[in-house]
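Biologist: I am new to this structure and would like to learn how to read it. Could we go through the ligand site and then the sheets?

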Amino acid sequence: MPVLEARHISKSLGGKLIVDDVSLTLDQGELKVLIGPSGGGKSTLLQCIHYLHRPDQGEVLLEGRSAAEMGRRNICAFRQEIGMIFQDFNLFDHLSAENNVAVALRKVKKFSTRAALERARAELARVGLADKARLYPAELSGGQKQRVSIARALAMDPKVMLLDEPTSALDPELIGEVLNVIADLAQGGMTMLMATHQIGFARRLTNEILFMEKGRLTERGSPAELLAPGSNSRAAEFCAKLAQLMGRE
Ligand SMILES: Nc1ncnc2c1ncn2[C@@H]1O[C@H](COP(=O)(O)OP(=O)(O)OP(=O)(O)O)[C@@H](O)[C@H]1O
Ligand SMILES: [Mg+2]
């Protein structure tokens with residue numbers, strides 16, 4: 001059984017169909033990468049999977065349990081089992097790094113203050129921030145902030161992580177430190193779905209690229225299949241354009 005399955009998800013926003021009949025599965029330990037042009041619906045799809053947007057049609061199953069059949073309370077529990085990482089970090093500015101990680105442990109998982117802080121420090125160490133635990137978001141670089149947000153998601157022991165362009169708000173020299181943390185998670189067996197424009201990263205770490213355009217997953221396959229020179233796929237064409245924009249061949 002896949003850890004996560006999205007079946008025929010559709011979602012309209014503002015009277016426009018944004019996600020159009022999308023299905024995908026994530027097996028245990030799998031990293032899939034979602035690419036495609038801006039406005040194609042990647043963020044909306046991730047938000048539907050996380051039930052930030054309730055899909056108009058289709059269903060999301062976590063370990064075989066359908067979110068649609070859960071009551072309000074269980075939907076909260078369902079959402080807690082999915083870690084979501086946003087482009088803009090979503091940290092609490094008034095809390096230190098360790099308290100950003102500890103707060104949900106205390107409030108949701110009912111950890112004592114001390115146990116929550118201990119776990120928070122361990123998760124921060126895991127993302128290379130042991131020495132930054134007491135600092136506030138304003139005192140951290142973008143890459144460090146994103147690593148705090150990853151530590152916060154990890155502290156909740158998610159079954160799956162959804163990452164929505166986690167490096168696209170970062171200066172180029174900070175992207176690598178965040179991608180390294182994500183690569184470590186992938187190698188450690190975390191199940192993940194990541195929207196990204198980091199094609200080099202995708203090529204190295206994923207078995208399957210999902211290409212999304214105008215609300216639909218129009219192509220899917222291994223990087224070798226989709227991105228091979230001369231493959232004529234839309235994905236290859238899109239990646240070539242991206243590379244051009246970034247000034248690489
Ligand atoms: N709340 C909303 N109301 C109306 N339209 C919306 C809403 N949210 C998103 N959209 C529209 O849905 C489309 C898809 O947006 P989405 O953010 O999912 O795309 P994306 O693939 O993540 O793009 P990007 O690569 O720029 O992040 C866009 O045309 C956007 O304007
Ligand atoms: Mg987006």
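Biologist: How far is an oxygen atom of ligand 1 from a polar backbone atom of glycine 39?

Modeller: Bear in mind that this is a predicted model. A polar contact is a pair of N or O atoms within 3.5 Å. Here an oxygen atom of ligand 1 lies 2.8 Å from a polar backbone atom of glycine 39. Side chains take part too: an N or O atom in the side chain of serine 43 is 2.8 Å from a ligand 1 oxygen, and for the side chain of threonine 44 the distance is 2.5 Å. Overall, the protein covers 61% of the 640 Å² of accessible area that ligand 1 has on its own.

Biologist: Which residues around ligand 1 come nearest?

Modeller: The shell has 13 residues, and the nearest are Ser38, Gly39, Lys42, Ser43 and Thr44. By class, 7 residues of the shell are polar, 3 are charged and 3 are nonpolar.

Biologist: Which elements each supply at least two residues of that shell?

Modeller: They are β2, residues 16-26, and α1, residues 42-49. The largest share, 3 residues, comes from α1.

Biologist: β2 is a strand, so let us turn to sheets. How do strands of a sheet pair?

Modeller: Backbone hydrogen bonds pair the strands, in either a parallel or an antiparallel sense. In this model, β2 belongs to an open sheet of 4 strands in the order β2-β1-β4-β5, with antiparallel pairing. Its edge strands are β2 and β5 (65-66), each of which pairs on one side only.

Biologist: How many bridges join β1 to β2?

Modeller: There are 7 bridges between β1, residues 4-13, and β2, and the two strands run antiparallel.

Biologist: What is the order of the strands in the open sheet of 6 strands?

Modeller: The order is β6-β7-β8-β3-β9-β10, and the pairing is mixed. β6 (82-85) and β10 (216-221) are at the edges with a single partner strand each, so one side of each has no neighbour in the sheet. From one strand to the next, the twist averages 20 degrees.

Biologist: Do β7 and β8 run parallel or antiparallel?

Modeller: They run parallel, with 4 bridges joining β7 (residues 160-164) to β8 (residues 192-195). Leucine 162 has leucine 193 in β8 as its bridge partner.

Biologist: Which strands does helix α9 lie across?

Modeller: Helix α9, residues 234-245, lies across β3 (31-35), β9 (208-213) and β10. Relative to β9, helix α9 runs at about 85 degrees.

Methods
Residues are numbered from 1 along each chain as its sequence is written. Chains are lettered from A and ligands numbered from 1 in the order in which they are written. This is a predicted model: local features need pLDDT of at least 70, side-chain atom pairs count only at pLDDT 80 or more; totals for chains, interfaces and linings use all residues. Side-chain values use heavy atoms; hydrogens and water are left out. A residue is near a molecule or strand if one of its heavy atoms lies within 4 Å of it. A polar contact is a pair of N or O atoms within 3.5 Å; within protein, one must be able to donate a hydrogen and the other to accept it, and residues adjacent in sequence count only if both atoms are side-chain atoms. Accessible areas come from the Shrake-Rupley method with a 1.4 Å probe; for residues, only the protein chains shown count as cover. Ala, Val, Leu, Ile, Met, Phe, Trp, Tyr, Cys and Pro count as nonpolar, Asp, Glu, Lys and Arg as charged, and the others, Gly among them, as polar. Two strands pair if DSSP finds at least two bridges between them. Axes are lines fitted to C-alpha atoms, for helices over the stretch in contact, and angles run from 0 to 180 degrees between N-to-C directions. Contact means heavy atoms within 4.5 Å.
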